[in-house]
Amino acid sequence: MSFGYNVLGFGSHPNRSSVTPNVLYHVIAGGGGGGGANAGGGGAGGYLTGEFEISDGTGYAVLIGAGGAGATGGSGVNGANSIFSNLTTIGGGGGGNYATDGSVGGSGGGGGYVRSGAAGTAGQGYDGGDGGGIGPAYGAGAGGGAGGAGGNAPNSGDSSPPVTGSRGGDANNGVTITATGSNLLVAGGGGGGGERTNTSGPLSGTTQGGAGGFGGGLGGGTAAAASGSANTGGGGGGGRGSGSPSRNGGNGGSGLIIIVYHKSRTASFSGGVTQNTTTVGDNKVSVITAAGASKTVTFS
């Protein structure tokens, strides 16, 4: 799949019309948790953007998906879906470990050592990367993101001089949203976990976790796996292999909804919704960071 843009979200977000009451939206699901032990990074939460005409007085559903939990020794948990109106973005897939493939999600979870990354959801995200398959390269694949597939872990002999250790795969960047007047970097996968200290080659003396994408956590290596950032839908980093620090995967980041509408209109949110509304040019921009089941927004 291809979104066709490096910066998504209708570029500079042209002003909404007071005549045609359209709302522009960005909806991101919760990111998947990283797997534990020789483990893949979690996939980013699914991402959708577009616009539609709104009706005054109609309650539109809003739900922010939670990030999935990182694993202590198995596969990470998938992130939860986010909802705006009748649109649903799919939670990111959990990362696999040395015994499991990544899980299918909005973007797919990365595969553990010798395991495969999982598919992303068409139109919402990309596939997770594969784990290393030729020892002693025991790194794991990165989670997929909204900007591209997760990187595969390198196999022995993939570089010159050869990598004899265990670097995790790097996640691809996610997407950049400009609606608020600043750049929000979101929906990147989690980095793949590394394994053990290299004995020679360009990464000698280190155990390298793969880099996370936008909002995604660093894979476990010399440090423990990192969690995805809140309200980015970033995937959690995959847990490292043997030794210290912790082999646990990082948690996925929670989702996010951004809606853009003409400044002459008012958005009213039901109780329990956490949001912040600002005016940018002729638009109002509401950034929703928390909303549970049965919550709504109504325009007037």
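How many bridges join strand S4 to S5, and in which sense do the two strands run? In this predicted model, three bridges link S4, residues 82–84, to S5, and the strands run antiparallel. Within this pair, Ser82 stands opposite Thr89 of S5.

The pair belongs to an open sheet of five strands. The strand order is S5-S4-S3-S12-S9, and the pairing is antiparallel. Strands S5 (87–89) and S9 (267–269) each have a single partner strand and stand at the edges, so one side of each lacks a neighbour in the sheet. On average, neighbouring strands of this sheet are turned by 25 degrees against each other, direction ignored.

The protein chain as a whole contains zero helices and 12 strands. From the N terminus on, its elements therefore read as β-β-β-β-β-β-β-β-β-β-β-β. Of the 300 residues in the chain, 52% are buried. The accessible surface of the chain comes to about 10,400 Å². Carbon and sulfur atoms account for 49% of that surface. Contacts were also examined by sequence separation. Among those between residues at least 6 apart in sequence, 59% join residues at least 24 apart.

Strand S8 covers residues 256–262. S8 is mostly covered, with seven of its seven residues buried. S8 pairs with S1 (residues 22–28) through five bridges, and these two strands run antiparallel. S8 also pairs with S11 (residues 283–290), in the antiparallel sense, over six bridges. Ile258 of S8 takes part in both pairings: it is the bridge partner of His26, and its own bridge partner in S11 is Val287.

Nonpolar packing was then considered. In soluble globular proteins, nonpolar side chains tend to be buried together. The largest nonpolar core here has 18 residues. Those with the most contacts inside this core are Val62, Phe84, Ile257, Ile259, Ile288, Val297 and Phe299. S1, S3 (59–63), S8, S9 and S12 (295–299) are the elements that give two or more residues to the core.

Ile288 illustrates the packing around the largest core. Leaving out residues up to four places away in sequence, Ile288 touches Val62, Ile64, Leu256, Ile257, Ile259, Phe269, Val273, Thr274 and Gln275. Among these, Val62, Ile257 and Ile259 are also listed with the most contacts inside the largest core.

How values were computed: Residues numbered from 1 in each chain as written. Predicted model: local features only at pLDDT ≥ 70, side-chain atom pairs only at ≥ 80, totals over all residues. Heavy atoms only, no water. Pairing = 2+ DSSP bridges. Helix = DSSP H or I, 4+ residues; strand = E, 2+ residues; numbered from the N terminus. Axes fitted to C-alpha atoms, helices over the stretch in contact; angles between N-to-C directions. Buried < 20%, exposed > 50% of the residue type's maximum accessible area, 1.4 Å probe, protein only. Contact = heavy atoms within 4.5 Å. Areas by Shrake-Rupley, 256 points an atom, 1.4 Å probe, with all protein chains shown as cover. Core = buried A, V, L, I, M, F, W, Y, C linked by side-chain atoms within 4.5 Å.
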